[in-house]
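Here is a short briefing on one protein chain. Read it with the sequence and the structure side by side.

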Amino acid sequence: MKKLDHIDKQILQILQEDGRIPYTEIAQQLGVSEGTIRARIGRLLQDGVFQFVIQPDPEKLGLHVQAIIGLTTRLGMQRHVAKELSKFSAVRFVGAFSGKHDLIIQACFHNNDELITFVNERLSQIEGIAAADVSLELKQYKDSFSIVQDDEVTLQ
């Protein structure tokens, strides 16, 4: 994979702001040809640097309860538990962490009753979960995947 240069990072920043922006407009903003933009985006996609993803707003889909759940797993069971958690459509993130919890998941539900059912009936059935610590999101201040940074390009 080729190292990302300033133009690549600028392209990524522009796409993060509006993934539907025409290549001609990106080219105009950066002062390069449309062919350059097309080739660079193709290379970035091929190299797996980014992918086009639709990120729905859970609240607008009627998923009014968002929870972060820290899980303690029995020794040797972390991978099994993570695999099982990944099967649930309500779970949008599963990650292994150091610290208090072995796994942390983010999950979205229509209401508190769905969350309670998930914890009491779904999580309780997964072999290897020793404990669950449920935290409800009260207010969201930022939800972004903007991570490309450069000396001259800073994302919010």
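Leaving aside its neighbours within four places in sequence, Arg-43 is in contact with Lys-2 and Asp-8. This residue is placed in helix 3, which covers residues 34–46. The model is predicted, and the points below go from single residues to the whole chain.

- Arg-43 has a relative accessible area of 19%. The cut-off for buried is under 20%, so Arg-43 counts as buried.
- Glu-34 also has its place in helix 3.
- Is Glu-34 buried, exposed or partly exposed? Its relative accessibility is 31%, so Glu-34 counts as partly exposed.
- Not counting residues up to four places away in sequence, Glu-34 touches Tyr-23, Thr-24 and Ala-27.
- One of these partners is Tyr-23. Glu-34 and Tyr-23 are 11 residues apart along the chain, and their C-alpha atoms are separated by 5.9 Å.

**Helix 2: Gln-29**

- Gln-29 is found in helix 2, residues 23–30.
- Gln-29 has 47% relative accessibility and therefore counts as partly exposed.
- Which residues does Gln-29 touch, not counting those up to four places away in sequence? They are Ile-14 and Ile-21.
- Gln-29 and Glu-137 are 108 residues apart in sequence. From C-alpha to C-alpha, the pair is 38 Å apart in space.

- His-101 sits in the loop between strand 2 (91–96) and strand 3 (103–109).
- The relative accessible area of His-101 is 14%, so His-101 is buried.
- Leaving aside neighbours within four places in sequence, the contacts of His-101 are Gly-70, Leu-71, Thr-72 and Asp-133.
- With Asp-133, the side chain of His-101 forms a polar contact of 3.4 Å.
- Ser-89 lies in the loop between helix 4 (78–85) and strand 2.
- Is Ser-89 buried or exposed? Ser-89 counts as exposed, because its relative accessibility is 78% and the cut-off for exposed is over 50%.
- Ser-89 and Ala-107 are 18 residues apart in sequence. Their C-alpha atoms are 8.5 Å apart in space.

**Secondary structure**

- How many helices and strands are in the chain? There are five helices and four strands.
- Read from the N terminus, the order of elements is α-α-α-β-α-β-β-α-β.

**Overall dimensions**

- The chain has a radius of gyration of 20 Å. A compact globule of 156 residues would have one near 15 Å.
- Along the principal axes, the C-alpha atoms fill a box of roughly 55 × 35 × 25 Å.

**Burial, contacts and surface**

- Of the 156 residues of the chain, 32% count as buried.
- Take the contacts between residues at least 6 apart in sequence: 65% of them join residues at least 24 apart.
- The accessible surface of the chain is about 10600 Å². Carbon and sulfur atoms account for 50% of that surface.

**Charges**

- The chain carries 17 positive and 21 negative charges.

Definitions and conventions
Residues are numbered from 1 along each chain as its sequence is written. This is a predicted model: local features need pLDDT of at least 70, side-chain atom pairs count only at pLDDT 80 or more; totals for chains, interfaces and linings use all residues. Side-chain values use heavy atoms; hydrogens and water are left out. Helices (H or I, at least four residues) and strands (E, at least two) are DSSP runs, numbered from the N terminus. The radius of gyration is taken over C-alpha atoms; the globule rule is 2.2 Å times the number of residues to the power 0.38. Buried means under 20% relative accessible area, exposed over 50%, partly exposed in between (1.4 Å probe, protein chains only). Contact means heavy atoms within 4.5 Å. Accessible areas come from the Shrake-Rupley method with a 1.4 Å probe; for residues, only the protein chains shown count as cover. Lys and Arg count as positive and Asp and Glu as negative; His and the chain ends are not counted. The place of a charge is taken as NZ of Lys, CZ of Arg, CG of Asp or CD of Glu. A polar contact is a pair of N or O atoms within 3.5 Å; within protein, one must be able to donate a hydrogen and the other to accept it, and residues adjacent in sequence count only if both atoms are side-chain atoms.
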